[in-house]
Amino acid sequence: MPAAERKLRVCVIGTGAAGLCALRHLATEPAVFEFEAFEQTDHIGGTWVYNESIGVDAKNQLPIHSSMYESLRTNLPSVIMNFPDWRKMGNGEKSCISHSEVLSYLEDYTNHFDLRKYITFNTSVETVQPICSVRSTDPATLVTSSVANRRIWKIKIKDVLNRTIVEREFDAVFCCNGHFFEPNVPPIPGIQRFPGIVMHSHDYRKPHPFTGKTVLVLGAASSGADIGIELTGYARHVYLSHNNPRLISALPANMTEVMGVTGVEGNRFILKDGTSLFADAFLYCTGYKYSFPFLDETCGITVDDNYVHPLYRHMINVEHPTMCFVGIPLVVVPFPMFHIQVQYFIASLKGNVRLPSKDIMLQDALCKSPLKRRAHRLADNQWEYNDGLARDGGFEPLPPFYKAGYSAWKIQRSRNLMHYKDAKFVIDDDGESVQIIPNDNTAPVMSR
Ligand code: FAD
């Protein structure tokens with residue numbers, strides 16, 4: 001087959017929601033792409049696969065990937081977690097669903113789009129390296145070819161059960177290895193000598209080890225607030241420690257919001273405002289670090305204080321634009337964003353999107369936030385981001401209820417951290433506006 005007609009060989013690393021979404025869209029172009037996903041575990045779903053163990057997985061000797069805890073219910077209403085082309089979640093009374101329901105949804109998505117046949121399980125991607133070669137003997141064809149001037153990716157994959165390694169070549173790579181598995185553990189002077197339980201939320205599974213204890217939870221984002229509130233049902237007292245603006249929601253009677261921790265002396269935690277308190281368990285809910293252990297340095301990607309550089313539109317490797325990273329933006333609604341990012345990258349591989357010059361992409365990749373670790377935080381800008389990708393990629397944007405639902409949800413959550421997950425989520429008949437109806441007789445939140 002002449003190079004111009006050769007299919008593009010695409011590798012997908014990981015089969016969590018992002019990798020599955022990549023497969024689902026690649027599968028719509030069988031004449032253009034030849035593709036395969038490698039998944040280091042024996043199942044799809046990534047984060048949503050609850051594993052009671054911590055540390056190393058006895059089955060494959062790999063560090064346990066999922067940070068899921070037993071009681072977890074989604075912190076977003078499941079209606080807006082749906083992929084727009086597979087809207088099955090969110091038909092119940094309560095907006096937020098369990099991790100096993102999300103996993104079932106992803107299994108249904110996989111079965112419906114018949115994706116399992118593209119996945120090689122128990123196979124970890126060990127190294128990814130760009131090599132500069134295009135395998136054709138016909139330079140004339142190459143100049144016009146869609147694969148002309150593209151790097152080939154040399155990828156080493158390991159059968160984690162038999163420990164064998166093979167090398168494969170691809171024309172493009174989707175990095176969908178997840179971003180919530182490598183704990184971020186800020187240094188705290190004295191913590192090594194703290195005599196109580198010290199744990200990161202990555203290893204939190206159940207509240208029982210904290211029964212009767214005084215627990216200091218560091219960090220009040222999704223995990224800190226959620227786990228902290230769960231612990232109040234078991235612990236003597238929970239301190240929720242952070243340096244962000246104070247929460248407006250009521251908290252359980254045995255939970256106190258305090259400032260961030262600056263050091264520990266024995267059991268005494270010293271706080272940023274100079275006060276101190278005693279605790280006998282300490283839980284880091286301080287988030288995760290981006291980690292791509294398989295990328296050779298010649299891929300050109302660095303991670304500095306959680307700023308992944310250089311990425312065009314938070315996803316495309318500027319040094320080698322046939323590599324993309326799905327799911328880098330933070331404070332977003334992940335599944336629908338994956339749906340958009342994946343289609344944009346596919347459009348660029350097909351040549352339907354012309355990427356700008358390297359200089360322009362580098363400009364775009366600069367950190368726009370004063371703090372590098374916030375470089376990929378989109379929050380309310382996520383809708384403009386998604387719409388821009390859809391517009392430039394020439395495909396359908398997200399339906400408006402995603403944005404309306406997210407805005408209303410943010411208000412409902414901040415008002416009522418203890419019970420927000422039980423509210424009912426209703427999309428009005430116009431398909432655009434949303435009502436969140438709390439189950440405690442407080443006023444509904446509406447948004448459009
Ligand atoms: P993952 O789900 O992490 O999947 C990555 C996959 O890649 C895994 O299967 C892993 O085994 C595989 N992999 C990694 N490295 C390799 C390798 N080298 N070779 C082969 N395979 C590899 N989002 C929401 O929308 N709503 C929520 O309520 C919500 N709650 C969350 C709660 C917690 C505790 C956490 C940690 C996250 C939560 N999220 C939530 C965010 C969630 O991570 C995303 O929704 C989404 O599931 C991420 O999908 P992913 O495919 O990017 O990554």
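Is glutamine 61 buried, exposed or partly exposed? Glutamine 61 is partly exposed, at a relative accessible area of 49%. Here buried means under 20% relative accessible area, exposed over 50%, and partly exposed in between (1.4 Å probe, protein chains only).

This is a predicted model, in which local features need pLDDT of at least 70, side-chain atom pairs count only at pLDDT 80 or more, and totals for chains, interfaces and linings use all residues. Residues are numbered from 1 along each chain as its sequence is written, and side-chain values use heavy atoms, with hydrogens and water left out.

**View 1. The whole protein chain.** The secondary structure comes to 8 helices and 23 strands. Helices (H or I, at least four residues) and strands (E, at least two) are DSSP runs, numbered from the N terminus. The radius of gyration is 23 Å, close to the 22 Å that the globule rule gives for 448 residues, so the protein chain is as compact as a globular protein of that length. That radius is taken over C-alpha atoms, and the rule is 2.2 Å times the number of residues to the power 0.38. The C-alpha trace spans about 75 × 55 × 40 Å along its principal axes. Of the 448 residues, 52% count as buried.

**View 2. The largest nonpolar core.** A nonpolar core is a set of buried Ala, Val, Leu, Ile, Met, Phe, Trp, Tyr and Cys residues joined through side-chain atoms within 4.5 Å. The largest one holds 98 residues, and Phe174 and Phe335 touch the most other members. Helix α5 (residues 334-350) gives the most to this core, with 10 residues. Apart from this core lies another, of 22 residues, including Phe38, Val128, Ile155 and Ile157. In soluble globular proteins, nonpolar side chains tend to be buried together.

**View 3. Around phenylalanine 174.** Contact means heavy atoms within 4.5 Å. Not counting residues up to four places away in sequence, phenylalanine 174 touches a set of residues that includes Val10, Val12, Ile13 and Leu26. Also among them are Cys324, Val326, Val342, Phe345 and Ile346.

**View 4. Serine 78 in its loop.** Serine 78 lies between β2 (33-38) and α2 (99-112). At 0% relative accessibility, serine 78 counts as buried. Its contacts, leaving aside neighbours within four places in sequence, are Met89, Gly90, Ser95 and Ile97.

**View 5. Glutamate 396 in its loop.** Glutamate 396 is found between α7 (382-393) and α8 (401-415). With 65% relative accessibility, glutamate 396 counts as exposed. Glutamate 396 touches Ile340 and Ala390, residues up to four places away in sequence not being counted.

View 6. Most residues other than glycine have a negative phi, and most peptide bonds are trans. Glutamine 61, in the loop between β2 and α2, has a positive phi of about 65°. Aspartate 305 has a positive phi of about 50° and lies in the loop between β16 (302-304) and β17. Aspartate 305 counts as partly exposed, at 46% relative accessibility. The peptide bond from histidine 309 to proline 310 is cis, with omega near -5°. Proline 310 lies in the loop between β17 (307-309) and β18 (311-312).
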